[in-house]
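Student: I would like to learn how to read the features of a protein model, one after another. Could you take me through them, giving the general idea before the case at hand?

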Amino acid sequence: MKELITAGLLFMSSPVQAADNNIVWNDNEHVKCLALNMYHEARDQGTAGKLAVSAVVINRVSDSRFPNTICEVVHQGPTRESWKTRQTSDPNDAKFYPIKNRCQFSWYCDGKSDEPRDKKTYERLLTIATSIVYNKINFIDITDGATHYHADYVKPAWAKVKTRTTRIGNHIFYRWEKHQKGGPVD
């Protein structure tokens, strides 16, 4: 079930099993995913850059062509089974890892540690992410519905088939129109 937040954006929480076997919604994991994405994609930018990167994640969650949760959007990309678990006969032992440099957000599968080094900055980003996920701020999409972005020093092929919406900091933002071709991993 998707929930509406006041800015008119949608996001979906992921269910977790509580001790009493009732399903509860765990938004804290989504707060961490959103904060990590801001940290790795825009920590050196101003507030507008951080919020713009977050808007893309939220816009993707509300778009049926992308996964339905914040963490699934942030972690989106092809995976492959570990060579260690391929050698076992029990399918429950299988472990999958993202394919290096093939994820939607490059930091997630670049082979480097995802642990934030600048703890003070990460704590501030957790506060911003909490405010977004729990609807504590009037979150306005300053990207005009962008579902994609890239750094200004690269020219990805997919940019030719998306609608440019704005430039914020060192990122250029694009919207994937309903009539446009090209999947999320262009």
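This is a predicted model: local features need pLDDT of at least 70, side-chain atom pairs count only at pLDDT 80 or more; totals for chains, interfaces and linings use all residues.

Student: How many helices and strands does the protein chain have, and in what pattern?

Tutor: Helices (H or I, at least four residues) and strands (E, at least two) are DSSP runs, numbered from the N terminus. The protein chain comes to four helices and nine strands, and along the sequence these follow the pattern β-β-β-β-α-α-α-β-β-α-β-β-β. Of the contacts with a separation of 6 or more, 54% are made by residues 24 or more positions apart.

Student: How much of the protein chain counts as buried, and which residues have the most contacts inside the largest nonpolar core?

Tutor: Buried means under 20% relative accessible area, exposed means over 50%, and partly exposed lies in between (1.4 Å probe, protein chains only). Of the 186 residues of the protein chain, 40% count as buried. A nonpolar core is a set of buried Ala, Val, Leu, Ile, Met, Phe, Trp, Tyr and Cys residues joined through side-chain atoms within 4.5 Å. The largest such core has 32 residues, and L34, V57, I70 and F173 are those with the most contacts inside it. At least two residues of this core come from each of α1, α2, α3 (70–74) and α4 (119–133), and the largest share, eight residues, is supplied by α1.

Student: Where is V57 placed, and what does V57 touch?

Tutor: V57 has its place in helix α2 and is buried, with a relative accessible area of 0%. Not counting residues up to four places away in sequence, V57 touches L34, N37, I70, V73, V74 and F105. The C-alpha atoms of V57 and V73, which are 16 residues apart along the chain, are separated by 6.5 Å. Also in helix α2 lies S54, which counts as buried because its relative accessible area is 1%; with the residues up to four places away left out, S54 touches L34, M38, I132 and F139. Among the contacts of F173, leaving aside neighbours within four places in sequence, are A52, V53, V56 and Y149.

Student: What is the volume of the largest pocket, and what lines it?

Tutor: On a 1 Å grid over the protein atoms alone, a pocket is an open set of points where a 1.4 Å probe fits, with protein on both sides within 12 Å along at least five of seven lines, and lining residues have an atom within 4 Å of a point. Grid points are joined across faces, edges and corners, and a volume is the space filled by probe spheres set on the points. The largest pocket has a volume of about 1,100 Å³ and is lined by 36 residues, of which E41, Q104, F105, S106 and W107 lie nearest its centre. The elements giving two or more residues to this lining are α1 (28–42), α2 (47–61) and β7 (148–151).

Student: Which residues have a positive phi without being a glycine?

Tutor: Most residues other than glycine have a negative phi. N135 has a positive phi of about 60 degrees although it is not a glycine, and D144 likewise has a positive phi of about 60 degrees without being a glycine.

Note on methods:
Residues are numbered from 1 along each chain as its sequence is written. Side-chain values use heavy atoms; hydrogens and water are left out. Contact means heavy atoms within 4.5 Å.
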